[in-house]
Amino acid sequence: MTARILLVEDDQPIADNVLLALMRENLPCHHVRLASQGLALLREGGVDLAILDVGLPDGNGFELCRTLRGFSDVPVIFLTARADEIDRVVGLEMGADDYVLKPFSPRELAARVKAILRRGRLHPSPASVSASTSTASPTTLEADEDRARILCQGHPLDLSRSEYLILKTMVARPEKVFTREALMDAAGLAEASLERAIDTHIKSLRAKLAVHHVDAIRTHRGLGYSLDRARDGA
Ligand code: CA
């Protein structure tokens, strides 16, 4: 199945680079320059993923996305030139699936497109995610609860019981910040054990993921840890 990708970008050299990078990945892309043209195509339907520039001659990508969300949940990636706009993408929950900051690597963008499209195939609808059996997460990590194991890019990780329980908890809620206490609960660690025990488990998990070139666990100082969504479809 060929994905149908729409690029709304008024800067021709940037558009050319994106089109080329996507073409190399066998991802043909339809390109328009104006928000109004993009919206018209999105209303027609049949678009699997939209890449929206933020600054457009006849409007901006944020407005376009807001309108789009009124009738469609097609995945959206924003192209934004300013770091402070990221706060709007993320903070206003505009329904974006990802963003890239200009200047960006077209290859990296293509990898993100692939990752989002693959995620979409795993999850036709976010509501259909089941808590049972092998729960595929939107990261490169998947919990296979039937066999009490975690797959990293399809390969089972060799984990201790505590590591398995911690990672399973994080995989179920990517990007959620878990306190050390919450992870201790998840791992069934006694209250008496030091919270720092979690740090040790996290350190060990990071080492095991690094073998697969995955660096997905984030430290939130004074808060705890979270798991990134996938950035790459490697
Ligand atoms: Ca622009």
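Student: Which residues are linked with Asp 53 in a network of salt bridges?
Tutor: Glu 9 and Lys 102 are linked with Asp 53 in that network, where a salt bridge is a side-chain nitrogen of Lys or Arg within 4 Å of a carboxyl oxygen of Asp or Glu. This is a predicted model, in which local features need pLDDT of at least 70 and side-chain atom pairs count only at pLDDT 80 or more, while totals for chains, interfaces and linings use all residues. Residues are numbered from 1 along each chain as its sequence is written, and side-chain values use heavy atoms, with hydrogens and water left out.

Student: How exposed are Asp 10 and Gly 55?
Tutor: Asp 10 is partly exposed, with a relative accessible area of 24%, and Gly 55 also counts as partly exposed, at 45%. Buried means under 20% relative accessible area and exposed means over 50%, with partly exposed in between (1.4 Å probe, protein chains only).

Student: Back to salt bridges, how many does the count come to?
Tutor: The count comes to 14 salt bridges. One of them joins the side chains of Arg 180 and Asp 199, at 2.6 Å from N to O. Arg 180 lies in helix α7 (residues 180-186) and Asp 199 in helix α8, so the pair ties together parts that are 19 residues apart in sequence.

Student: Are Arg 180 and Asp 199 buried or exposed?
Tutor: Arg 180 is buried, and Asp 199 is buried as well. In the salt bridge of Arg 147 with Asp 144, where the closest N and O atoms are 3.8 Å apart, Arg 147 counts as exposed at 58% relative accessibility, but Asp 144 counts as buried at 9%.

Student: New topic: what's the order of strands in the open sheet of three?
Tutor: The order is β12-β14-β13, with antiparallel pairing, and two strands are said to pair if DSSP finds at least two bridges between them. At the edges stand β12 (178-179) and β13 (217-220), each with a single partner strand, so one side of each is left without a neighbour in the sheet.

Student: Which helix touches β12, β13 and β14?
Tutor: Helix α6 (residues 161-172) packs on the sheet and touches those strands, and its direction makes about 60 degrees with that of β14. Contact means heavy atoms within 4.5 Å, while axes are lines fitted to C-alpha atoms, for helices over the stretch in contact, with angles running from 0 to 180 degrees between N-to-C directions. Helix α8 (residues 196-210) packs on the sheet too, touching β13 and β14, and its direction makes about 150 degrees with that of β13.

Notes. Helix = DSSP H or I, 4+ residues; strand = E, 2+ residues; numbered from the N terminus.
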